[in-house]
Amino acid sequence: MNQPDLSESPYQRFLGLELTRYEEGLVEIRMPFREEFLREDGSDWLHGGIVSALIDIAGDYAVYSKTGGDVPTLDLRIDYLRPTKRGRLTAIARTVKVGRRVSVADVEVKDEQGQVVAIGRGLYATPAQEKTG
């Protein structure tokens, strides 16, 4: 199981993502704070789109850790549990199911204090298995 390089994606480089844990079916990704992530000038709250992007990416890599192939997002559900404030975020993603066509991952996003600020579930297209013989 080769650990992926998150810096291969321009968007992931912009987000400053760091893969801190990579096991089969479990990934942890940290995202540093950037002023560009704020929902408006003078606010202390992050834009929800940044949180949802982190959830999507973490879920994707959790499924990738089990399949080894590209897993496009089919559906994404986010529950914002509290306002996400300035500071580093950590996403912990776990693969729930790897099916023949669709795979599922659950993700928690925690702030620097360890509080869960959002949870999500992603559905991803499972890579086609090559047929032999």
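This is a predicted model: local features need pLDDT of at least 70, side-chain atom pairs count only at pLDDT 80 or more; totals for chains, interfaces and linings use all residues.
The structure holds 8 salt bridges in total, and the views below pick out some of them.

**View A. Arg21 paired with Glu23.** Here the side chains of Arg21 and Glu23 come together in a salt bridge, with 2.9 Å from N to O. Arg21 has a relative accessibility of 35%, so it falls in the partly exposed class. Glu23 is partly exposed too, at 36%.

**View B. Arg77 paired with Asp79.** Zoom in on this spot and you'll find a salt bridge between the side chains of Asp79 and Arg77, at 2.8 Å from N to O. Asp79 is partly exposed, with 25% relative accessibility. Arg77, on the other hand, counts as exposed, its relative accessible area being 52%, because the exposed class takes in anything over 50%.

**View C. Asp106 reaching Arg121.** This salt bridge brings the closest N and O atoms of Asp106 and Arg121 to 2.6 Å apart. Asp106 sits in strand 5 (residues 102-110) and Arg121 in strand 6 (residues 116-125), so the pair ties together parts that lie 15 residues apart in sequence. As for accessibility, Asp106 is partly exposed at 28%, and Arg121 is partly exposed at 38%.

View D. The last view moves from pairs to a group.

Methods. Residues are numbered from 1 along each chain as its sequence is written. Side-chain values use heavy atoms; hydrogens and water are left out. A salt bridge is a side-chain nitrogen of Lys or Arg within 4 Å of a carboxyl oxygen of Asp or Glu. Buried means under 20% relative accessible area, exposed over 50%, partly exposed in between (1.4 Å probe, protein chains only). Helices (H or I, at least four residues) and strands (E, at least two) are DSSP runs, numbered from the N terminus.
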